[in-house]
Amino acid sequence: MSSTKSALHRLDDLIDGRLMAKLDQLDVVSRKIFSGKLHGERRSKRRGQSVEFADFRPYAAGDDLRFVDWNIYGRLDRLFLKMFLEEEDLSLVIAIDASASMRTGTPDSFDYCRKLAMALGYVGLSNQHRVSMLAFNDQGVQRISNLRGRRKSSELASWLLRLQPEGGSGFEAAMKTAALSRLGRGVMIVVSDFMLREGYEKGLNMVAGRGFDLFALQVLSPQQVDPTREGGVQGDLKLVDSESLGETEVTVTPALLRSYKERLDGWCGGLRQWCARRAVTHLLVESSLPVETLMLDYLRRRGLVR
Amino acid sequence: MLALTWLTPFAGALLAGIVLPPLLALWFLKLRRKPRVVASTLLWTRSLADLRANAPFQRLRPSVLLFLQLLLIGLIAVAIAQPESTGAVDTGGRYVLLMDRSASMQAKEQIDGATKTRLDLAKDAAIDRVHELLGGGFFAPRAGTVMVVAFASRAEVRVPFTDSITDLENAIRAIAPTDEESELGDALEVARAFTTNVDPDRPDRAVAAPAILELYSDGRFSDLAQLTLRPLESLVYRRVGEAKDNVAIVALAAERPADRPDDVQVFAALANMNLEPVSVSVQLALDGRARAITPEPISIPAATKSPDGAEFRAGTAQVIFRPIEQPRDVVIEASLLRKDALASDDAAFAIVPPAKKLRILLVHSEGFVLASALESLPVERVDRLSGEEFDALIASQAPLGYDLVVLNNYSPKSLPTGRYLVFGAAPPLPELNVYGAQKDVWCRVTRDESPLLRSASLDELFVANAVASRPSKAWEVVAEGPDAPLIMTFDSGDTHAVYVAYDILESNWPFQRSFLNFVANAVDVLGHAGEAITAQGVRPGEAIALRVRAGSKDARITGPGDVDASAKLDADGNLVWGPVLRTGLYDIAFLEPGQEERSSRRVASNLYSSAESRIEPLAEIRLGVDAVNAVAVTSERRASVWPWILGLGLLILMLEWWVYQRQVRV
C-alpha cells in the first residue's frame with residue numbers, strides 16, 4: 001500500500017487512440033431529462049423546435065401563428081398550438097478525489113481515477129455535452145468547466161495531468177462548492193474511495209438533493225480490498241494514515257484480517273445502501289480493473305454509459 | 001576485592017523501582033513496528049478496537065533491545081546510588097568530630113612509602129568523612145551537620161555545627177599539632193555543651209538527641225577511668241596509626257654539685273615503650289653544642305605488659321653524665337641518637353642557672369645554732385649584724401647588698417624589699433595579724449610538697465613557745481600547730497619571706513636533721529627566688545609564669561613552632577603566657593627598668609609523659625563500663641565508582657541505538 005510516483009505524463013498515458021475509438025460509440029446515460037443551455041443532441045424538458053411532437057395547448061394572444069394546428073381549428077373551430085420537444089446539451093460533472101489517500105495502492109488509485117475521468121470526459125465531449133471536472137482535497141477545489149466537443153480532449157487531459165493528490169479530502173466543502181456552482185444540472189460522477197473519517201453522507205446529500213443524476217464511483221486499490229495481496233500489510237506494523245498521518249499499530253493476524261474485511265464490507269455496503277435510498281448509483285471499482293474493461297463492460301452493464 | 005559503599009542507595013533503588021517495571025510493561029505492551037503508509041487507517045482502527053478489548057498484553061519476546069534497555073537503566077540506578085570503593089557510610093544527623101592533637105598524634109606513620117603524622121592521617125580521614133556525610137550529591141536524602149572539636153589537654157571548638165564542607169575542611173586543615181597530653185574529658189564536655197539542648201521548662205532533661213561523637217585518635221588518654229558515656233550518647237572511635245616503636249627521655253635533671261658549684265651534672269631517665277629491648281646512645285649538648293655522648297649505647301630492657309594489656313610497664317634506664325665545668329647559665333639538651341616514630345620525646349631540655357654563691361646577712365646573731373647551720377652551706381659569705389646595726393642599715397636606705405637576710409628572733413620596725421628568713425619574732429610584714437602565743441605545740445599539718453620541706457620531716461617537731469598569728473591569704477602556710485601556723489611563706493612583689501614562728505631554741509628542732517635540711521632548702525629557695533621556675537621548665541599545656549623585676553615591660557616570647565608573641569607584664573613584674581603547645585626552648589626577652597638592653601630568660605618545655613610516649617594505638621577504649629572498639633582509619637581515599645558506571649551506561653545506550661537503527665533499517 002505504499003505510495004508510488006505517477007506514471008502519467010502525456011495524453012496517451014491517460015487515454016490511447018484505440019480506447020478513444022471504442023469510446024466514440026458510447027454516450028453517458030442520464031436517467032433524468034435536464035434542461036440544457038445550448039442546442040444539443042439530447043432531448044430537453046423544454047418545448048422547442050425539434051421534429052418530435054410533444055403536446056397541444058390553447059392559443060393565447062401573441063403566440064406564433066406558425067404553430068397553430070389548422071386542422072383542429074377546422075374541426076373544432078378553436079385555436080390550438082402544436083408543441084415540439086427541444087433538443088439541448090447535457091451537463092456532465094466529474095468530481096475527483098485528489099486527497100493523499102488516493103495516491104496509494106498498486107496500481108496507483110489516483111492515476112486510475114484520472115484515466116477513468118478522462119475516459120468518461122471523452123465520452124461526454126464526443127457527444128457534445130458540457131463537461132466539467134472538479135478535483136478536490138482539503139486545499140480547495142480545482143476545476144475546469146464547460147468543455148464541449150472532442151477538440152477539448154487535450155485541454156481536459158492537460159488539466160488532469162497537472163493534478164497532484166495531497167492532504168485530506170475536504171469532501172464536504174467540495175460537494176458544497178459543486179452544488180452551489182453554475183455548472184448546470186446533469187450527470188455528476190463522484191470518483192473517490194469514500195474512506196472519509198467525517199463520513200460521506202453530508203457531502204453527498206448536498207449534491208444529491210440538487211437535481212443531479214448522481215453516480216458514486218468508489219475506487220479502491222487491490223490492497224485496500226484485500227490487505228494480504230502483494231504490497232499489503234503483514235506482520236507487526238505501524239500503519240500511518242496517508243491523510244491525517246495518524247499512526248495505528250497493528251499486528252496482522254487472521255483475526256484482524258477477518259475483522260478488517262468485515263469492516264470494509266460493512267463500510268461499502270453502508271455506502272451502497274445510503275446511495276440506493278437517495279437514487280444515487282453506487283459503483284465499486286477496484287483499481288486493478290483495466291479502464292477499457294471498466295468503460296466498455298462494467299459501466300455499461302451498470303447503466304452509466306451505453 | 002573491591003568493597004563498595006553506597007552514598008545514596010535509596011535514590012538508586014527508588015529509580016530502579018520506578019523505572020524498571022514500567023520499562024518491562026512497555027515491552028509487554030508495545031513492540032517496535034515498521035511504519036507503513038496506508039490510504040486510511042479508519043477501518044484498521046475500528047478493527048483493532050474489537051481485538052484489543054480482549055487481549056491487552058502480548059507475549060514478551062526475547063529482544064536484544066529490551067536486554068540493553070534493562071541493563072542501561074540498571075546501571076543508571078546503580079550510578080545514582082553513588083557507589084564508592086570502601087567503608088560504610090551514614091548520612092544525615094549531627095556529628096561531632098573530636099580531633100586528638102596531643103603529642104602522640106605526631107608519631108610518624110609509613111603509608112605507601114610516604115611518611116605522615118597521625119594527625120595528618122586523622123585530618124585526611126576526617127575530611128573524607130565530612131565529604132561522606134555532607135557531599136552526598138544531588139541524590140543524597142538529606143545532609144547532616146558536623147562540628148569539629150580539637151583537643152589535647154584542653155578542647156576547643158574549631159567550627160560549630162555546620163553543613164558547609166568548605167568551612168569544615170578549612171577548620172580541620174587548620175588544626176595544628178601540640179605536645180600536650182591527651183585528655184578526653186574536656187573534649188566530651190565541650191561536645192556535650194553543643195549537642196544537648198536543654199528545655200528551659202525542664203532543665204533536668206535534654207530535649208534533643210545527642211549527636212554522634214566520632215573520635216579520631218590513637219586512644220591514649222590519661223583520664224579515661226573517670227569518663228562515662230551518658231545515655232543515648234554514642235561514640236565512634238576511629239583509630240589512627242599503627243606505629244609502636246618509641247623510646248623516650250622521660251626525665252632530665254641538671255644540678256650543680258654542692259661541693260663544686262661551677263660544675264654541672266646531668267641525669268637523664270630513658271623509657272623503652274617497645275616489647276623488645278633496645279640500645280640507644282644519648283648525646284648531651286650544652287647551648288646547642290654537643291659536649292658528650294654515652295661511651296656505649298645504653299641498653300634499655302623491654303617493656304612488660306600483662307596478658308590482658310591492662311598493665312604496662314615501660315623498660316627504663318638512667319644515664320648519668322660526668323660533671324662538666326660550666327660556671328655560667330646554660331641550656332642542656334639531651335637527645336637520643338635513634339630514630340623512632342615519635343620525635344617529641346627524643347630530646348629534652350633543661351636550663352641551669354649560673355653558678356651563684358649567696359651572700360647572707362644574719363641579724364641578731366646570738367644563736368650559734370643558726371649561724372653554724374648557715375655557715376655550713378656553700379655560700380659566699382655569712383655576715384652578722386646586731387639588731388641596731390641592721391636598723392641603721394635600713395635607715396640609711398642604702399642597698400642591703402645581700403641575697404638573703406636571716407632575722408633570728410629580731411623584729412625591726414620596717415623591712416625594705418628583699419628576701420628574708422625569719423625565726424621567732426614576727427617580722428613587720430603586712431597582714432600577719434599576731435594575736436598571742438602558743439605553748440607546747442606539736443606540728444600537726446605540713447605541706448610536704450613545699451620545696452622548703454624537701455627531706456625535712458616535721459613529724460617530731462615540738463615547740464615550747466611560738467608566736468600565734470592569723471595570716472591573710474597573702475601568706476602561704478607550710479606547717480601548722482593546733483591553733484596557728486608554725487611556718488609560712490610570703491611573696492609579694494620583690495619581697496619574699498619565710499617565717500618560722502618560733503625561736504629554734506624554744507624547740508627540739510636543732511637536734512633534728514630536718515632543721516639543717518630546712519635551712520638549706522630555705523636558703524636555696526629564697527636565694528634563687530624568681531629563677532626557680534625557669535630552671536624547672538613547664539609541661540606542654542601549662543602556662544609560662546615567671547617573675548622579673550618589677551617595672552619591667554615589653555616582654556616578647558619566641559619559641560618552637562614559630563612562636564613569636566608579646567606577653568603582658570603586670571606592675572609587680574609577673575609574666576604569664578601560654579599555654580605552651582610544643583616542647584622546646586622558649587626565650588622570654590623583656591626590658592628591665594633603667595636598662596637599655598633587653599634581658600632574657602629561657603624556659604624549657606619537655607614532654608615527660610609516659611602516656612604520650614606509649615604510642616601504640618589502642619584497639620579499644622573503655623569509658624566506664626562501655627568499651628568502644630576501634631574503626632581503623634586508612635590512608636586510602638574513597639574512590640567514586642559511579643562515574644565509571646555512568647560511562648558504561650552511555651556506551652550501552654550507544655549500542656542500543658545502533659541495534660535499534662539496524663532493526664529499523666530492515
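Contact here means heavy atoms within 4.5 Å. The structure is a predicted model, in which local features need pLDDT of at least 70 and side-chain atom pairs count only at pLDDT 80 or more, while totals for chains, interfaces and linings use all residues. Residues are numbered from 1 along each chain as its sequence is written, chains are lettered from A and ligands numbered from 1 in the order in which they are written, and side-chain values use heavy atoms, with hydrogens and water left out.

Leu133(B), in helix H4 (residues 118-134) of chain B, counts as buried because its relative accessibility is 3%. Asp186(B) belongs to helix H6 (residues 184-195) of chain B and is partly exposed, at a relative accessible area of 30%. Beyond its neighbours within four places in sequence, Asp186(B) touches Ser153(B), Arg154(B) and Ala155(B).

Turning to the nonpolar cores, each is a set of buried Ala, Val, Leu, Ile, Met, Phe, Trp, Tyr and Cys residues joined through side-chain atoms within 4.5 Å. The largest has 51 residues, and those with the most contacts inside it are Leu120(A), Leu160(A), Ile189(A), Met295(A) and Leu299(A). Helix H4 (residues 109-126) of chain A gives the most to this core, with eleven residues. Apart from it lies another core, of 42 residues, including Phe171(A), Met195(A), Leu42(B) and Trp44(B).

Helices H6 (residues 171-180) and H7 (residues 201-208) of chain A pack at about 5°, with axes 8 Å apart; axes are lines fitted to C-alpha atoms, for helices over the stretch in contact, and angles run from 0 to 180 degrees between N-to-C directions. H6(A) and H7(A) are therefore roughly parallel (angles under 35 degrees). Among the residues that meet are Phe171(A) and Met175(A) in H6(A) and Leu204(A) and Val207(A) in H7(A).

Technical notes:
Helix = DSSP H or I, 4+ residues; strand = E, 2+ residues; numbered from the N terminus. Parallel < 35°, antiparallel > 145°, perpendicular 65-115°, else oblique. Buried < 20%, exposed > 50% of the residue type's maximum accessible area, 1.4 Å probe, protein only.
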